[in-house]
Amino acid sequence: MVLDWKSGAAIALAVGVSVAAGGAFALDAQGQAAATTRHNNFKAQGAAFKGLLDELKKDTPDKAVIATNAAKLKASAAALPTWFVKGSGPDDGVKTEAKPDAFTDAAGFSAAAARLKDETAKLDALAQASDIAGVKGQVRNVGGACKACHDKYRVPEKS
Amino acid sequence: MAAGPSVRARLWDGPTRIVHWALVVLIAFAWWSAEAGKMDWHRLAGYAVLALLAFRLIWGFAGSASARFSSFVRGPAATLAYARTLPSRVKAELPGHNPLGAWSVLAILAVLIAQVVSGLFAVDIDSIEAGPLSDRVSYDTGRLLAKWHHWSFSALEALVALHVAAVVFYLAYKRINLVRAMISGRQHFAQDPGLAFAPAWRAAVVALVAGALAWWVATGLKL
């Protein structure tokens, strides 16, 4: 079978478009996967904080549970900036609750993440020292750091 | 022209009216405090709504005649029959909730139960704000219940809008002032329906039980 130039060009164009679309699709899928990982990381972070707060509500809180969760929070907060991979934002066609600013306002976002890192490090230090009263006071600061960043860089929940 | 109603008689007892207007104020306050992020106040409002709800449910079985569910909840046939009379401006001689309004009462109570229960277990995105029983569920379940808390509030808004629309309809079209009756407790009747009213001491006992229940729940069911 002999192809005339028109058919050849059409096929070449079709192949080119498919490859480009495939590439874009692969990038999208990568971005979406990163966003999903981020979502799960945040959920794990929320669960760790809840585990700590629930323990504090008890009459005799288990210091080990508090220390474990505080360590998880510290590690997770330190890693948080790495979850915001390039290409995993709302402007990349990814389904995410992150606002575009989380990816464009680098200075502001870094400061917000650093605040959480500092507050969770303080929380962890108190928890490892078994200072339950200190932990009780510090959780408000950690919660404040969560909230400050969510207010600025997360799409508000629909009600 | 038919003769107008001649007797002004007691219809709603004090506890029923207090619960009604306290719910109006507290639901508005709960909405505002949540919007303003004043979650300590929001929780307190929720506990108060829980107490009122518990009171009203018990009062629906042990209260005055017009407050009892058995006196106003009717089946589909009676409800439909009443609904057919809606276009008529002739006043029905019903001491209290009509069969259609009865379903509105039950719907509002059901949504309020959903609202209170979901709120008790709800967890906010940062975990820091949570209902008093949230330590009994996982973060994911608590988040799901927070969503339900929002949804049931939307349902409540719709029911409140319908309730107010119905009250306006009765006032403007049927010339019956339901608001005044819910404030004064009295309504005009062709003749005194002779309703039975529960004694004050019974209201006090039920209030004590409802208050204790709300307190117990608020402290996380600790004994």
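**Notes on a two-chain model**

1. Let us begin with chain A, where buried residues make up 33% of the 159 residues. Buried here means under 20% relative accessible area, exposed means over 50%, and partly exposed is in between (1.4 Å probe, protein chains only). This is a predicted model, in which local features need pLDDT of at least 70 and side-chain atom pairs count only at pLDDT 80 or more, while totals for chains, interfaces and linings use all residues. Residues are numbered from 1 along each chain as its sequence is written, chains are lettered from A and ligands numbered from 1 in the order in which they are written, and side-chain values use heavy atoms, leaving out hydrogens and water.

2. Chain A has 5 helices and 0 strands, so its elements read α-α-α-α-α from the N terminus on. Helices (H or I, at least four residues) and strands (E, at least two) are DSSP runs, numbered from the N terminus. Among contacts (heavy atoms within 4.5 Å) in chain A between residues at least 6 apart in sequence, 70% join residues at least 24 apart.

3. One pair in chain A is worth a visit on the screen. S130(A) sits in the loop between α4 (106–128) and α5 (132–153), and with a relative accessible area of 34% it is partly exposed. In sequence, S130(A) and A64(A) are 66 residues apart, while their C-alpha atoms are 8.4 Å apart in space.

4. Turning to chain B, you will find 8 helices and 2 strands. Starting at the N terminus, the order is β-α-α-α-α-α-α-α-β-α. The C-alpha atoms of chain B fill a box of roughly 65 × 40 × 30 Å along the principal axes. Of the 223 residues in chain B, 37% are buried. The chain exposes about 12100 Å², with 71% of this coming from carbon and sulfur atoms.

5. How many positive and negative side chains does chain B have? There are 20 positive and 11 negative ones, and the centres of the two sets lie 16 Å apart. Lys and Arg count as positive and Asp and Glu as negative, without His and the chain ends; each charge is placed at NZ of Lys, CZ of Arg, CG of Asp or CD of Glu.

6. Now for the place where the chains meet. The contact draws 17 residues from chain B and 19 residues from chain A. On the chain B side, D126(B), I128(B) and Y139(B) lose the most area to chain A, together 38% of what that side buries. The two chains bury about 1500 Å² between them, 52% of it on carbon and sulfur atoms; this is the accessible area (1.4 Å probe) that two parts lose on being put together, summed over both.

7. Is K50(A) buried or exposed? At a relative accessible area of 4%, K50(A) is buried. Apart from neighbours within four places in sequence, K50(A) is in contact with V123(B), S127(B), S134(B), D135(B), V137(B), S138(B) and Y139(B). A polar atom of the K50(A) side chain lies 2.7 Å from the backbone oxygen of S134(B).

8. Helix α1 of chain A also holds K43(A), which is partly exposed at 31% relative accessibility. Not counting residues up to four places away in sequence, K43(A) touches Y139(B) and D140(B).

9. From the chain B side, look at R143(B), in helix α6 (residues 139–172). R143(B) is buried, at 9% relative accessibility. Beyond its neighbours within four places in sequence, R143(B) is in contact with E157(A) in the other chain, and with V123(B), D124(B) and I125(B) in its own.

10. Last, two loop residues of chain B have a positive phi although neither is glycine. S127(B), in the loop between α5 (99–121) and α6, has a phi near 70° and is buried, with a relative accessible area of 4%. R175(B), in the loop between α6 and α7 (178–184), has a phi near 55° and is exposed, at 60% relative accessibility.

Conventions: Areas by Shrake-Rupley, 256 points an atom, 1.4 Å probe, with all protein chains shown as cover. Polar contact = N/O pair within 3.5 Å; in protein donor to acceptor, adjacent residues only side chain to side chain.
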